[in-house]
Amino acid sequence: MERTPALKPLLLLDLDGVVRRFPPLPAEIAERAFEPSLLHRAVTGEITDEQWRHEVGPEFETSTGEVIGEALALVRAARKQCFVALLSNATTRLEADLARLGLDAEFDAIFNSARLGVAKPDPAIFRRVLAELGHTTAVFCDDAEENARAACEVGLDGVHVPDTAALRTALAVRGLIGPTVLLILPDRDEAEELAAELLESGWGPCHVHRDMLAGEDDAEDVDWVIELTTAPDGLPASAHRPELDDLADRHDGFTGEH
């Protein structure tokens, strides 16, 4: 009997505040731009981005914001084992912004509230996305707690991620990024000494081995790898990647993934 291939896990990510950030707006402009009824018209496509900005005023400068590099690295890591879709409350300018930022090819699908005609936290937007992608549930990460809570109410695993550290932890504990981090150091003795210290402090498994990418005849250039999968707090080591990046840097090394 022929079986239908299993779907990859579905990860839905908000854009602004999660993968992209903007500098703060002057208070007066922000008050006009984000006035609830006007903003709702803009992010549900009732008015275009140009009309929204016109209503706010000429001092509302057009900006594409900037990509949060660490968050983008997490998106790329998650795509190795998940179907990763963007779900953004956005105006009709979203697609152009993504192209300018180089983000248009970084997701497996893009859902723009202005194109759907419905915006978060309306439950209909989550049901619509699930139906279009053929999933019954998903992990959904948003920097707005209200949106994460609304996702939970319709059966998704909604996670409030106020910063990139929270996003990393959310993905790591759900197995949406790999658990293992490799500390890669140039000196064998130093690697073995550090591995013993890490093991004693609760990291595991702390195996040390030669970098398998190095040839057998270039012993002077070989790197030594400490394999870490579990942190002392029980979380996957990948939830602590920034801390391990700093540790590797202090030992003239770097980190990698399994």
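Modeller: What follows describes that pocket and its lining. The model is predicted, so that local features need pLDDT of at least 70 and side-chain atom pairs count only at pLDDT 80 or more, while totals for chains, interfaces and linings use all residues. Residues are numbered from 1 along each chain as its sequence is written, and side-chain values use heavy atoms, with hydrogens and water left out.

The largest pocket holds about 1,000 Å³ of space. A pocket here is an open set of points on a 1 Å grid over the protein atoms alone, where a 1.4 Å probe fits, with protein on both sides within 12 Å along at least five of seven lines; points are joined across faces, edges and corners, and the volume is the space filled by probe spheres set on them.

Its lining, meaning residues with an atom within 4 Å of a point, is made of 39 residues, and those nearest the centre of the pocket are Asp-16, Phe-22, Phe-34, Leu-39 and Trp-52. At least two lining residues come from each of β2 (20–21), α2 (36–43), α3 (49–56), α5 (94–101) and α8 (145–153), and α2 supplies the largest share, with four residues. These elements are DSSP runs numbered from the N terminus, helices being H or I of at least four residues and strands E of at least two.
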